[in-house]
Amino acid sequence: MYTLAACAEMLFLDLPMDERVRRIHDAGFQAEIWDWTRHDLDALARTPAEFSSMTGYIRGSLTDEEGAAELLRTAEESIRAAEQLGCPRLNLHGTGLDDKGLPVTPATGDPTGPMWIAAHHTLTRLADLAESAGVVFTLENLNTAVDHPGVPFATAADTLALVQAVDRPGLRMNLDLYHAQIGEGNLIELVRKAHALNLIGEIQVADVPGRREPGTGEINYPAVARVLKEIGYEGTVAMEAWASGDSELALERFGSAFTLS
């Protein structure tokens with residue numbers, strides 16, 4: 001069966017980050033963080049938490065020469081940080097990050113043919129780095145309707161196409177079902193397709209609307225969990241969601257939605 005993790009950036013917001021990951025660990029989940037440069041890695045490494053994912057770059061982009069060079073340079077720094085935490089996956093987006101470690105909104109519009117070619121080249125070089133270091137970069141789909149307007153390669157279809165085109169073990173898809181529900185829907189078939197292609201590096205979840213824990217919105221996550229069991233998914237399912245109230249209760253609801261008898 002799959003492993004459950006939770007994003008420490010979005011839970012226990014009144015606590016320092018090392019205490020957040022301790023709480024997540026004590027609740028029985030692995031922990032995830034975003035921009036590692038904003039945290040004390042030594043303090044995080046001293047906790048008993050097991051880290052499943054972190055942001056895999058600091059600056060840069062996939063499609064322009066200068067941005068790609070910066071992305072690759074900061075990806076190397078991120079790999080070293082991941083080694084300190086024993087973190088196996090490093091997350092990517094189709095654009096750079098803002099001062100909160102979230103994708104910025106570029107003024108590019110829909111990606112052009114040359115942008116697709118450049119992104120493929122950059123992701124292939126990232127796969128080289130990952131395979132040399134024994135880690136995996138995951139490219140996350142986003143939504144442009146609510147959270148990230150203008151981000152290139154945001155849809156699950158585009159993200160999946162890029163990862164499939166690169167076709168390297170060092171690059172997989174971070175299939176974010178919150179973003180996919182807003183952008184495209186048809187989540188169960190999307191999961192089936194990505195799994196059949198062996199392209200899922202991780203699955204992230206939150207409910208719609210509101211980006212809260214499962215059970216607070218319209219997505220039938222127990223049905224998704226049954227499909228994951230049916231297809232034999234053995235990777236990580238991570239809650240990247242704000243707590244609707246108490247963070248411990250949010251973790252309980254997440255665990256319940258993905259625990260099958």
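How exposed is W116, in terms of relative accessible area? W116 is partly exposed, at 28%. Buried here means under 20% relative accessible area, exposed means over 50%, and partly exposed lies in between (1.4 Å probe, protein chains only).

This is a predicted model, in which local features need pLDDT of at least 70, side-chain atom pairs count only at pLDDT 80 or more, and totals for chains, interfaces and linings use all residues. Residues are numbered from 1 along each chain as its sequence is written, and side-chain values use heavy atoms, with hydrogens and water left out.

**Overall fold**

The protein chain has nine helices and eight strands. These are DSSP runs numbered from the N terminus: helices are H or I with at least four residues, strands are E with at least two. The radius of gyration is 17 Å, close to the 18 Å that the globule rule gives for 261 residues, so the chain is as compact as a globular protein of that length. That radius is taken over C-alpha atoms, and the rule is 2.2 Å times the number of residues to the power 0.38. The C-alpha trace spans about 45 × 40 × 30 Å along its principal axes. Of the 261 residues, 55% count as buried. Among contacts with a separation of 6 or more, 72% come from residues 24 or more positions apart. Contact means heavy atoms within 4.5 Å.

**The barrel**

Eight strands close into a barrel, in the order β1-β2-β3-β4-β5-β6-β7-β8, with parallel pairing. Two strands pair if DSSP finds at least two bridges between them. On average, neighbouring strands are turned by 25° against each other, direction ignored. Strands β7 (residues 200-205) and β8 (residues 236-239) pair in the parallel sense over three bridges. V205 has M239 in β8 as its bridge partner. Helix α5 packs on the sheet and touches β5 and β6 (171-176). The direction of α5 makes about 165° with that of β6. Axes are lines fitted to C-alpha atoms, for helices over the stretch in contact; angles run from 0 to 180 degrees between N-to-C directions.

Helix α3 (residues 65-85) has 21 residues. From first C-alpha to last it reaches 30 Å, close to the 30 Å expected at 1.5 Å a residue. The expected span is 1.5 Å times one less than the number of residues. Buried residues of α3 include G67, A68, L71 and L72. The buried residues of this helix pack against α2 (41-46), β3 (51-55), β4 (89-92), α4 and β5. Just after α3, G86 takes a positive phi of about 65°.

S61 sits in the loop between β3 and α3. At 13% relative accessibility, S61 is buried. Neighbours within four places in sequence aside, S61 contacts G67, A68, L71 and T122.

**Aromatic pairs**

The structure holds five aromatic pairs. Rings of Phe, Tyr and Trp (its six-membered ring) pair if their centres lie within 6.5 Å; planes under 30 degrees apart are stacked, over 60 edge-to-face, and the rest tilted. Two of the pairs are tabulated here.

| Pair | Centre to centre | Angle of planes | Class |
|---|---|---|---|
| Y2 and F258 | 6.2 Å | 85° | edge-to-face |
| W116 and F153 | 5.0 Å | 85° | edge-to-face |

Y2 and F258 are 256 residues apart. Y2 is buried at 9%, and F258 is buried at 3%. W116 belongs to helix α4 (residues 113-133), whereas F153 lies in the loop between β5 (136-140) and α5 (156-166), 37 residues apart. F153 is buried at 3%. Ring pairs also link Y2, F29, Y221, F254 and F258 into a cluster.
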